[in-house]
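Here are some notes to go with the model you asked about. Keep the structure open while you read, and follow the points in order.

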Amino acid sequence: MTTLLDPDSAASTTNPVPDANESVSEVMSADEQVAEAGAVVAEPADVKGDVADDSTESSATPGEDHEGHGDASAQTKVVAGDELPVDDGRPLGKIITVFAPKGGAGKTTVSTNLAVVLNASGANRVCLVDIDLEFGDIAIALRLAPTNTLLDYVQATTATADARRAGALTSFQPGLDCVLAPVSPADSEYISAAHVGALLRDLRRHYDFVVVDTPPNLAEHVLEALDIADVHVLLTTPEVTALKNLRLALDMFDLLGYPKQARAILFNKSDKQAGISAAEAADILCMPVSAEVPMSSDIPASVNRGVPVSLATPKHPVAVAIRTLAETSITHGPITAQRRNGRRGLKLRMRSK
Ligand SMILES: Nc1ncnc2c1ncn2[C@@H]1O[C@H](COP(=O)(O)OP(=O)(O)OP(=O)(O)O)[C@@H](O)[C@H]1O
Ligand SMILES: [Mg+2]
């Protein structure tokens with residue numbers, strides 16, 4: 001048994017690794033969704049940290065100093081079962097922030113596939129937000145032209161909330177939109193934690209699920225996305241360095257008051273050759289692993305094609321593992337059009353009167 005940090009825990013894994021040898025020929029035969037990668041360098045806004053918050057949600061005020069990170073009662077909403085968060089009786093979308101303190105753990109891979117899975121072929125409205133402000137990869141991973149980005153949201157200070165949101169969106173497929181990271185790393189300095197918070201609060205009013213891809217650090221805007229999230233999907237790989245860093249991050253999450261039940265540990269690039277199993281990782285992290293995603297050479301191939309494996313090959317072991325994570329830790333059941341069913345139900349009831 002590996003006892004790298006604290007071996008006291010009896011945590012265990014939950015989801016078995018799917019068969020990694022399953023055929024993936026569909027990845028290679030999937031139609032390419034090619035968009036010309038036309039880079040648009042946005043004019044820097046001359047305001048920083050100055051954004052109107054059209055949201056009436058009061059969990060955090062854009063522009064304020066966010067010293068209250070992790071005040072679970074005020075900022076982090078833990079959602080029981082398959083219910084969506086509610087604000088004044090209106091259902092809000094769930095925010096899922098995908099984080100790993102170690103670069104290259106697979107955050108972008110998991111975020112893109114999670115967004116596809118939750119979208120359920122258009123049944124749910126999903127927005128995928130890239131807050132890796134300097135080196136965001138969502139655009140390239142989905143072959144989207146970064147014409148509209150998070151910088152457009154920040155610059156559109158005089159627009160209405162709807163116009164500002166629309167100006168930042170890029171559609172990937174019906175019901176799945178993205179807010180891409182700025183093209184130039186230098187533009188990141190114009191985007192504050194307050195901007196990110198305001199955007200996420202706005203998006204959750206219009207989407208069933210908001211999936212947030214992050215950089216591998218706890219910058220202020222990343223803490224904002226963690227504060228506001230309903231679910232934290234936290235990645236590690238079978239390496240001592242990744243496990244050590246996640247363990248330290250979990251300790252910090254405890255200090256910040258982030259609730260343990262909001263966490264879902266994803267053990268990515270699981271590989272017998274690595275010498276650390278998901279069960280051993282759970283012991284090191286002192287909490288169960290929610291999903292075990294196998295190492296597969298099909299993943300780099302799918303990224304290079306710009307088609308997430310969950311879209312091209314839903315039965316691929318990696319896709320199955322990510323779907324399992326979504327069903328166990330986000331929707332708490334089969335992924336259906338929960339919120340939209342509610343709306344349809346209301347319309348049907350009105351029509352029948
Ligand atoms: N399950 C997997 N099997 C094989 N390769 C994987 C798997 N998951 C991710 N990868 C590969 O690992 C590399 C890093 O993945 P990804 O870009 O998703 O990580 P990241 O955490 O977003 O990185 P960064 O910290 O740079 O943003 C990529 O080459 C990706 O194709
Ligand atoms: Mg990434």
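1. Start with serine 171, which sits in strand β5 (residues 170-173). Serine 171 has 11 C-beta neighbours inside 10 Å, so it counts as exposed. The scale is this: 20 or more other C-beta atoms within 10 Å of a residue's own make it buried, 12 or fewer exposed, and anything in between partly exposed, with C-beta atoms placed from the backbone. Leucine 128 is 43 residues away from serine 171 in sequence, yet their C-alpha atoms are 9.9 Å apart.

2. Before going on, a word on what you're looking at. This is a predicted model, where local features need pLDDT of at least 70 and side-chain atom pairs count only at pLDDT 80 or more, while totals for chains, interfaces and linings use all residues. Residues are numbered from 1 along each chain as its sequence is written, and chains are lettered from A and ligands numbered from 1 in the order in which they are written.

3. Now the whole protein: 13 helices and 10 strands. Of its 353 residues, 51% count as buried. Take the contacts (C-beta atoms, placed from the backbone, within 7 Å) with a separation of 6 or more: 80% of them join residues 24 or more positions apart.

4. In soluble globular proteins, nonpolar side chains tend to be buried together. The largest nonpolar core here has 93 residues; such a core is a set of buried Ala, Val, Leu, Ile, Met, Phe, Trp, Tyr and Cys residues joined through C-beta atoms within 7 Å. Ile96, Leu114, Val210, Val211, Leu266 and Ile322 have the most contacts inside it. Beyond four places in sequence, leucine 266 touches residues including Val110, Leu234, Ala291 and Leu325.

5. Which helix has eight of its nine residues buried? That's α7, so it is largely enclosed by the rest of the structure. Its buried residues pack against β3 (94-99), α6, β7 (209-213) and β8.

6. Helix α6 (residues 193-203) and helix α7 (residues 220-228) pack at about 30°, with axes 8 Å apart. Axes are lines fitted to C-alpha atoms, for helices over the stretch in contact, and angles run from 0 to 180 degrees between N-to-C directions. The two helices are therefore roughly parallel (under 35 degrees; over 145 is roughly antiparallel, 65 to 115 roughly perpendicular, and the rest oblique). On the α6 side, Ala193, Val196, Gly197, Leu200 and Arg201 meet residues of α7 including Leu223 and Ile228.

7. Helix α9 (residues 278-285) has seven of its eight residues buried, so it too is largely enclosed by the rest of the structure. Those buried residues pack against β8 (231-236), α8 (240-256), β9 (263-270) and β10 (289-294). Just after α9, cysteine 286 takes a positive phi of about 60°.

8. Finally, look at α8 against α9: the angle is about 40° and the axes are 9 Å apart. The pair is therefore oblique. Leu243, Leu246, Arg247 and Leu250 of α8 make this contact with Ala281, Ile284 and Leu285 of α9.

Key. Contact = placed C-beta atoms within 7 Å. Helix = DSSP H or I, 4+ residues; strand = E, 2+ residues; numbered from the N terminus.
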